[in-house]
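Please keep the sequence and the 3D view open while reading.

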Amino acid sequence: MGMNVSRQVDLAENEYLQRFVGKTHVPAYDDDFWNNFLQYHINLPTNSQEQLSLDSRLESLCQSFISHNLHTGNFGSLINVFLLKVSELLTLSDTESNVHIWHAFNALFIIRCLVKYMIETGSEYQLLQHFEALPAQAADGDVPPVEPTAGSSTAISIDNRAVEETRAAVAKLVDGTKFETFLEALVNIIVVIPVKEFTYHLHLEAVNCMIILLSVSLFSQQAMEKSTIYRTIYRCQHANTLMSALLHFLSRMSQAPQTMFGFGTGGSFVFGIAESLWSILTFARKQPDILTAHDLPSAFREHYPLANQSLLLILILTNHHATKDNPYRISLFGCSDSQDSPKEEAATFKIDFSSLYNTLCRIVTIDQATLLLYLLLYRNQRFHKYVMAQQNLQQLVIPILQTLYNAPDSTSHHIYMSLIVLLILSEDDNFNKSVHQIMLKNVTWYTERSISEISLGGLLILVVIRTIQYNMLKMRDKYLHTNCLAALANMSGQFQSLHPYVAQRLVSLFETLAKKHARLDQQLKQPNGVTIEPDVSIPIGGGPLTSEDMLQDLSVLEEVLRMVLEILNSCLSHQLVYCPNLVYTLLYKRNVFEAFRSHSAFQDIIQNIDMVVGFFSSRLQRVQDQRGELGVSEVLEVISKGASQWSSDRLRKFPDLKFKYVEEDAPEEFFIPYVWTLVCKAGCVHFSSETIKGVSTEIVC
């Protein structure tokens, strides 16, 4: 530390660090020390290897700090210096504040490193002890010295007023408000100071520090209701402004500047190469690049760290205390569009939904962005209404479909949340209608078959069917099947202009399930006592199957088969005239229904399908008798003419298929481990997984 310290100096030999972590108290008013201590430059570690390198270099210093700080109170001095810097920043102009921002960042970075170490290696109580620790001699007057005046008979004189002020400050510190004051300073940085090139990293560090503080839940097994840190954060009076600022950071997606605090950029804040304590810890950085689909999570984290970390902090704040009074959750779910009429009923805060929607469309293939989209669609009625009114829905839906299409590259949680988003969207009839009116050309990422043109709705059906088949082979999750089929069922009454391949895949789905049903039924008829190795493509189960297991699997499979038949029937009942390709496929594949015509679970609904097949089959037979063998186009022509004369009144009436997503009880059990998994894997702050206690290590690590 200090501009004149050699680049190669070892951390353990640095005089300022040694004094800070040593046995001697450093008072907050020692400007000479703090100005030197905070005059360094560092690039933040952005991956686990860089974090490990930094942690290993700091470990002995952190241990020395832990040993001595309860007697020296130097952490409290550093906090006071930081608080002073922040309070000054709030009153300074841009041209005056550069050095203050640099020093405030450096102080906060050191605080963050120490807090992280204490959380990972100790308890919350010990952390708060260090926040409140006072120097051992404070009671005797820890006061600033006064230089002797000319002619003074003493070497040092004490200013009595300074003594009283310092003692008053010391008394105030012991009332337990230091941590709360520190938290208020973090919030002020985030919500008051505007984001500019030279303030970017200070904002990022404030957000990172809040994530570190909240990570106490990872390293403690106590209920968070008993956590002082959590109680303080969740009774914050500025939840609306904090949530607004974080959502704006995400929405605006400002790219990280190539330099920190204007180093080397000219102007009034120009420094040479910083010969500093931390310069040996700088890490190589790639030049920023545009956000592309290739390795999007890494690109987002590296080039837009403030947006990435703000998104993760939003998820942490809103998913803890989900079933209790959570001001951040209320704030996020109650915000409204800044473009709405001023007469709009009271909102927690306003944000430009257009900007937020466009940002989410760009990054929705990232796990944490999908989760935020889910929360907004499911819980914020205004945002849901805004999305449903968009004409460019393909910008949102296509990336979600790509996530599902590339399922092996995603976590099961990400696949599940992507499907739930589609299910929520499919609850809207206008959505179900409009997706079949949006035509797409040359969807290059869909490689199973070359399709020159297809509707967005057709592509959605193809991908969801593929997800069902992937689930049967790999994941075997009953609930994932249910959500897939529920989305298709919601859409089925609006199926229109189905591509021939889409119609084939719908019927082939039933055919595939029917074959599995036949196999399982045959296995059940084996002699008693024979154990059967499971068919890996049956939706549930695992290990050798007993008869009871197979009966359960058969029951699940019959539910799925019934739902596919209901989807086909719904389309025929409401949209037959607009789906000639589906009728054509049913005529071609009529035999796949043969085994279920007499089955009590399917008989009623197959009668409707048989009636449609019989009607068009007889018409085709008559035309064929007149003209001879018919080609595909001629068959479709006969179907189209017949459809104009068809009356759906002939079919047996079934209730309309309408499924609505409802979040299960105790959502925290699912979402809290999920969110912290994302923080650990996708965040810019990296934790020691070896000491994680509070969240399932199976998920996080």
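## Met253 and other loop residues

Met253 is buried, with a relative accessible area of 6%; buried means under 20% relative accessible area, exposed over 50% and partly exposed in between, using a 1.4 Å probe and protein chains only. This residue sits in the loop between helix H11 (239–252) and helix H12 (296–303). Helices (H or I, at least four residues) and strands (E, at least two) are DSSP runs, numbered from the N terminus. Although Met253 is not a glycine, its phi is positive, at about 45 degrees.

Asn442 is another residue other than glycine with a positive phi, near 50 degrees. Its place is the loop between strand E3 (439–441) and strand E4 (453–455). Is Asn442 buried or exposed? Asn442 counts as exposed because its relative accessibility is 55%.

His41 belongs to the loop between H2 and H3. With a relative accessible area of 17%, His41 is buried.

## Basis and confidence of the model

This is a predicted model, in which local features need pLDDT of at least 70 and side-chain atom pairs count only at pLDDT 80 or more, while totals for chains, interfaces and linings use all residues. Residues are numbered from 1 along each chain as its sequence is written, and side-chain values use heavy atoms, with hydrogens and water left out.

The pLDDT is the predictor's confidence in each residue, from 0 to 100. Its mean over the protein chain is 82, and 82% of the residues reach 70 or more. Over residues 139–160 the pLDDT is below 50, and this stretch has 24 contacts in the model beyond near neighbours in sequence. Contact means heavy atoms within 4.5 Å. Residues 264–289 also have pLDDT below 50, with 75 contacts in the model beyond near neighbours in sequence. Where pLDDT is low, the predicted coordinates should not be read in detail.

## Overall make-up

The protein chain has 29 helices and 4 strands. Of its 701 residues, 55% are buried. Taking contacts between residues at least 6 apart in sequence, 76% join residues at least 24 apart.

## Salt bridges

How many salt bridges does the count come to? The count is 16, a salt bridge being a side-chain nitrogen of Lys or Arg within 4 Å of a carboxyl oxygen of Asp or Glu. One of them joins Arg19 and Asp30, at 3.3 Å from N to O. This pair links distant parts of the chain, with Arg19 in helix H1 (residues 15–21) and Asp30 in the loop between H1 and helix H2 (31–37), 11 residues apart. Arg19 counts as partly exposed, because its relative accessibility is 33%, whereas Asp30, at 18%, counts as buried.

Arg112 forms a salt bridge with Glu205, and their closest N and O atoms are 2.6 Å apart. Arg112 in helix H5 (residues 94–121) and Glu205 in helix H9 (residues 200–214) are 93 residues apart, so the pair links distant parts of the chain. Both Arg112 and Glu205 are buried. A further salt bridge joins Lys641 and Glu637, at 3.4 Å from N to O. These two are 4 residues apart in helix H27 (residues 632–645), so they are separated by about one helical turn. Lys641, at 46% relative accessibility, is partly exposed, and Glu637, at 36%, is partly exposed. Asp55, Lys116 and Glu120 are linked in a network of salt bridges.

## Cavities

The structure holds 3 cavities of 30 Å³ or more. On a 1 Å grid over the protein atoms alone, a cavity is a set of points where a 1.4 Å probe fits but cannot get out, and lining residues have an atom within 4 Å of a point. Grid points are joined across faces, edges and corners, and a volume is the space filled by probe spheres set on the points.

The largest cavity has a volume of about 100 Å³. It is lined by 10 residues, of which Leu17, Leu58, Cys62, Ile110 and Leu114 are the closest to its centre. H1, helix H3 (48–72) and H5 each give two or more residues to this lining. The lining divides into 10 nonpolar, no polar and no charged residues; Ala, Val, Leu, Ile, Met, Phe, Trp, Tyr, Cys and Pro count as nonpolar, Asp, Glu, Lys and Arg as charged, and the others, Gly among them, as polar.

Technical notes
1 Å grid on protein atoms, 1.4 Å probe; cavity = no way out; pocket = protein on both sides within 12 Å on 5 of 7 lines; lining within 4 Å.
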